[in-house]
Amino acid sequence: MIVTKHWLNEWINLDGITIETLLQTLNSIGLEVERHEHFCVPEKIVIGKVVACEKHPDADKLSVCEVDIGTAVRQIVCGASNVREGLYVAVATAGAQMPSGLTIKPVKLRGVESDGMLCSAAEIGLTELYEGIIELDSSIGTLTLGTPLCEIACFNDDLIEIELTANRGDCLSINGICRDLCAAFNVDFRERRQQKIEDNGKGIGRFMHVDHDGIADVELRYCALELSSVRLPLLIELRLALIEAPQKNTLERLLCYATYCSGVILRAYCKAFFSKDQSSAQLRLAHNEAGFATLYGSQEWASIVGVNQNDASRCSAEEGSVVLEASYVAPEHISKLMYQNKVPADLLYYRTSRGSDSDLEFGMNIALEMLFLCSDISLYRGVLDVTLNRKKRLIVVSVDEINAFIGDTIKKSLIVQILQSLGFNMAKSSGKDFVIEVPHYRHDIVNKQDVAEEIVRLVGIDNIASKPFVFSEKNRFNSDYERYKKRQHYRHKAAYSGFFESVHFIFNARSTLERLGFTCILEAYDLLNPITATMDTLRPTLMLNLLESASLNAKSGKKSVALFEVGSVFNAQREEVLKMGFVLSGFVERDTLRNAGKPSPVDFAYVADRIASVVGAIELRPLRTAHALAHAYQGADILQNGRVIGELFKLHPTLQQEYDLLDTFMCEVDFEVLPYRLKQAVPYSKFQASYRDLSLLIPQDMAYNDVKEVIEEHAGREIVRFYPIDRYEDVSLGSDVSMTLRFVLQSDEKTLEDDDISASMHDILEALERTLGLTLR
């Protein structure tokens, strides 16, 4: 999109705004300036008037002209074919430095003195317009003889080429660019002086008729006129040359300029194409076989609306009866049709597909005003419209929502000013809530975010306060996710501790469970249609499945088996509970050179340590299980923080034999009560710890738990922890055994001395002797 500052200044007031500010503003509002060039006609080239023109006495193609330049009348020899008496021209006076490098000075041409040069557009640094010298007229301003051209705005201007994104078809016109600049500079459009165009008193109905039954996807306006003597003013010619308009026909060039200014698609048709004789023109609008809205004449198609025009329907001459058309087609509609059906398109299709202006009345008035100024026209009264029932696009958004999108606080008054300047209708808004009607030429605005983007664009991204990025997302951690993470945590811990996960169906054989002494689901809640006879009830324990898997591994040649499972079990009322089960069978290590090929079998202490490495610190308490899986004398409750969470036992010898297993231990804990929380740092002493061992004589039938409770009750703050490290039996001890306990002592305040340690140990020994009658060995 090519514009000049002077061209824009005709539409909005840019007085006092420098070209640097204008360029910066265009860039900041998203209209990227791709190219900027300043052009200016050289000095000493002035306005002159040819007051006399005669043929050169010695050259057929030369003329000798008397040219008035205000301060003097100069004789100038000219070779242009269009020079004539009464013509206003651009005169390069003596001393003028031409863009080509030529310096103007008095010379003799074929014997005749010539003091200056009459110039063409190209010779003064402008784009070539036509053959011959440039013909000045009042469109460039008042023609005061002797005025330097460099003082006239259109000859001393800034060319700006704007690179538009595909969604900004509304800015493919001077009107569209100025609309954005009005919002950016907070100015209004200049008041347009309406040219009063008198009609010829004849109604348009006598000239033409339009048949458009069933057409609902285009909007059209038609005017009718008699046209003669079309001529383009110099200013329009200069600007059409800047934008490289390719049209050759004068009428079509003028409509091209009107479209470039207004953004409305304009076409002209010869009336004769639509009438067989001198009768009124019959225009028929219908869809062609590809679905395009097409205008038909008496014998063939005249145009596909918004796409192309039949050359036979164009106005070949610059006078006669003319049908003038303004059109609008929704860009998404025409682009979809064109994608589905490739048809030839002319230059106007680019504007249609990007989004032309839908104010057909405005575009038609611009075209008629230009025709009135540039030709002799006789306008028929009235217009013929084909209207499109367009739905209003409403967006409801609040000031707070806009500011939330932007991340900064924009005043309501500024938001209103920007949106109204851009043509958004906000009449139904109230308070902080906006009800925004989007203009049809802004097809790219479809939601609240687009509205916020317009505000940012016009305020300027550089004027939005920079803030650190804050990522805020709804907390999606819920109880289900928490359970999943906990399960994953303990599964990983079990794997790290050398266990392999075993996954089973949640079904068991009811007969096997009852034989082993487990409580099964009540028959009222049991399965109605079991998969097989060996899976005819929901399992009440994980241990039977784990036992069967361990047996299969052993039969496959595995000497040692360590399996775990986290899964659901069901009580008699079919209530589901999550459990974690373990089975260890075989040896504590592989047979190696270190153990001479004879590794030790797993035992209770080894298994308890392996379980503790997964579920955390535990304590054991003797237990007689109610089911037949457990060894009668090797079973224990598992306690954590004083609470029973499961059981650990050795497999009954008869079952070990039945399942072909070596020494086997099994464990099942309540998964729901296992701890899963954030780990918290706890204080620790920076002073050295001390260790003391006590070997006590304990009756064989005394439980360790009795000893533990007495020590915990009487232990001082210095005793950090204690634990058994040895148990010794000998006939010399009679009915007693020797148990060695190790004590760890440490203070938060100092390094403990021997006296402090001895005092703490003395208190423990005294309490054990007084309460349980225990003494040192």
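This is a predicted model: local features need pLDDT of at least 70, side-chain atom pairs count only at pLDDT 80 or more; totals for chains, interfaces and linings use all residues.
**Ground rules.** Residues are numbered from 1 along each chain as its sequence is written, and side-chain values use heavy atoms, with hydrogens and water left out. Local features need pLDDT of at least 70 and side-chain atom pairs count only at pLDDT 80 or more, while totals for chains, interfaces and linings use all residues.

**Backbone.** Arginine 110 has a phi of about 55 degrees. I place arginine 110 in the loop between β7 (107-109) and β8 (112-114). Strands are DSSP runs of E, at least two residues; helices are runs of H or I, at least four. Asparagine 186 also has a positive phi, about 55 degrees. Its loop runs between α3 (174-185) and β12 (199-203). Asparagine 186 is exposed, at 54% relative accessible area (exposed is over 50%, buried under 20%, partly exposed in between; 1.4 Å probe, protein chains only).

**Surface patch.** I noted a nonpolar patch of Phe477, Tyr481 and Tyr484, with about 340 Å² of accessible area together. Nonpolar patch residues have over 30% relative accessible area and no salt bridge, with side chains joined within 5 Å. A salt bridge puts a Lys or Arg side-chain nitrogen within 4 Å of an Asp or Glu carboxyl oxygen. Areas are Shrake-Rupley, 1.4 Å probe. Tyrosine 484 sits in helix α12 (residues 479-496) and is partly exposed at 45%.

Conventions:
Patches are made of residues with over 30% relative accessible area and no salt bridge: like charges are joined within 9 Å, nonpolar side chains (Val, Leu, Ile, Met, Phe, Trp, Tyr) within 5 Å.
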